[in-house]
Amino acid sequence: TGSVPAFLEAVNHMLEQDKFEEALALANIALEYDQASADALLTKAQVLMARREFPQASEVLTEYLQARPGEGRVRELLPILAKTRANDPGGISALI
């Protein structure tokens, strides 16, 4: 719906300020408005990656790929996420 882009803009603003908890809450609200929003799913995955919650980000990206199966870059990211731990600087640098 029309509210989702506004929430996603707010999420990005929170991410810029390193307010990850607030960003995740807003991403979840956006998904409550439109559970099938690929943009909201991708944004939530970005928040989860910023929070170093890689298994959860992987789950959300898998759901995103159901909506947008042609997103090759996202598909390439999944194996990296699967191998990355929160405290692994080498794995994290591959995500940036």
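Among contacts in the chain between residues at least 6 apart in sequence, 41% join residues at least 24 apart, a contact being heavy atoms within 4.5 Å. The model is predicted: local features need pLDDT of at least 70 and side-chain atom pairs count only at pLDDT 80 or more, whereas totals for chains, interfaces and linings use all residues. Residues are numbered from 1 along each chain as its sequence is written, and side-chain values use heavy atoms, with hydrogens and water left out.

The secondary structure consists of six helices and zero strands, in the order α-α-α-α-α-α along the sequence. Helices (H or I, at least four residues) and strands (E, at least two) are DSSP runs numbered from the N terminus. Of the 96 residues, 38% count as buried; buried means under 20% relative accessible area, exposed over 50%, and partly exposed in between, with a 1.4 Å probe and protein chains only. The chain exposes about 5,800 Å², of which carbon and sulfur atoms supply 50%, by the Shrake-Rupley method with a 1.4 Å probe, where for residues only the protein chains shown count as cover.

An α-helix has 3.6 residues a turn, so residues three or four places apart point the same way. Just after α1, Asp18 takes a positive phi of about 60 degrees.

The largest nonpolar core has 28 residues, and those with the most contacts inside it are Val11, Leu61 and Leu81. Such a core is a set of buried Ala, Val, Leu, Ile, Met, Phe, Trp, Tyr and Cys residues joined through side-chain atoms within 4.5 Å. Not counting residues up to four places away in sequence, Val11 touches Ala23, Leu26, Ala27, Thr43 and Val47.

Helix α5 (residues 72–83) buries Val74, Leu77, Leu78 and Leu81. These residues cover an arc of only 120 degrees around the axis, which puts them on the same side of α5. The face turned away from that buried side carries the exposed residues Glu76 and Lys83.

Technical notes
The arc is that of the directions from the helix axis to the C-beta atoms.
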